[in-house]
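I opened a new notebook page for this chain.

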Amino acid sequence: QLGATLPPPREYLISGSGALIRNIVAVTAGQGGAGKTTLKIQVACSIASVVDCCGGAFDFKTHGPVIMVLAEDARDAVELTVYQIRQRHKNQIDLSDLYILPRCDGDPRLFMKDTSGNMQTTPGFTSLKAKIEKIQPVYIVLDSYSVLCGSGELDNGDAAFVLSKLS
């Protein structure tokens, strides 16, 4: 019976304002150039280390390995952002649990539709899945979801397929 017992407490990666619950899918949305990728890199650095890289904006509850799969930003742009984060913390930040996997060179898709219009995994997904199983990340970033999934728009069935493969 719904509500008859207290549900288990939620596990948070980030609590308070801007909460991020473990084992859920969250979307970062905004205009191009608004800083979405920079924010995701700052959050990833904070979770991968024990250092708050977001200027106190969030209350980080979990730390551990992070995988970032980036389809739009060139590796040097990402490295510049990480370099700037390191400089702000006087290189006193351990990012050995941060795994950045740029997919902007070549075909970035992890999923694509076959000739019948059905979603299928790509060799890139197979490679990512192996890395996920090996690293066991607590946080995974797919940036941008639409590029990595091979489409500008995904219907609910496509999104369900993608999520089932990532579970």
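My entries below go from the whole chain down to single residues.

**Ground rules.** I am working with a predicted model, where local features need pLDDT of at least 70, side-chain atom pairs count only at pLDDT 80 or more, and totals for chains, interfaces and linings use all residues. Residues are numbered from 1 along each chain as its sequence is written, and side-chain values use heavy atoms, with hydrogens and water left out.

**Fold.** I looked up the secondary structure and found five helices and eight strands. These are DSSP runs, numbered from the N terminus: helices are H or I with at least four residues, strands are E with at least two. From the N terminus I read the order as β-β-α-β-β-α-β-β-β-α-β-α-α.

**Size.** I checked the radius of gyration, taken over C-alpha atoms, against the globule rule of 2.2 Å times the number of residues to the power 0.38. For 167 residues a compact globule would come near 15 Å, and the chain's 17 Å agrees with that. The C-alpha box along the principal axes is roughly 55 × 55 × 35 Å.

Buried means under 20% relative accessible area, exposed over 50%, and partly exposed in between, with a 1.4 Å probe and protein chains only. Contact means heavy atoms within 4.5 Å. Among contacts with a separation of 6 or more, 66% join residues 24 or more positions apart.

**Charges.** I located the mean positions of the 16 positive and 17 negative charges, and they lie 4 Å apart. Lys and Arg count as positive, Asp and Glu as negative; His and the chain ends are not counted. Each charge is placed at NZ of Lys, CZ of Arg, CG of Asp or CD of Glu.

**Cores.** Which residues touch the most other members of the largest nonpolar core? They are Val66, Met68, Leu98 and Tyr139, in a core of 25 residues. Strand 1 (12-15), helix 1 (36-48), strand 4 (66-70), helix 2 (75-88), strand 5 (98-102) and strand 8 (139-143) each give two or more residues to this core. Helix 1 gives the most, with six residues. Apart from this core I found another of 14 residues, including Ile67, Val69, Ile135 and Val162. A nonpolar core here is a set of buried Ala, Val, Leu, Ile, Met, Phe, Trp, Tyr and Cys residues joined through side-chain atoms within 4.5 Å.

**Met68.** I left aside neighbours within four places in sequence. Met68 then contacts Lys40, Ile41, Ala44, Leu98, Tyr99, Ile100, Leu101 and Val141.

**Lys40.** Is this lysine 40 buried or exposed? Lysine 40 is buried, because its relative accessible area is 10%. I place lysine 40 in helix 1. Beyond four places in sequence, its contacts are Thr28, Met68, Val141 and Asp143.

**Ile14.** I found isoleucine 14 in strand 1. Its relative accessibility is 3%, so isoleucine 14 counts as buried. Not counting residues up to four places away, isoleucine 14 touches Ala19, Leu20, Val43, Phe58, Asp59 and Phe60.

**Positive phi.** I looked at two non-glycine cases. Lysine 90 has phi near 50 degrees and sits in the loop between helix 2 and strand 5. Lysine 90 is exposed, with a relative accessible area of 65%. Glutamine 136 has a phi of about 55 degrees and is in the loop between helix 3 (123-135) and strand 8. Glutamine 136 counts as exposed at 55% relative accessibility.
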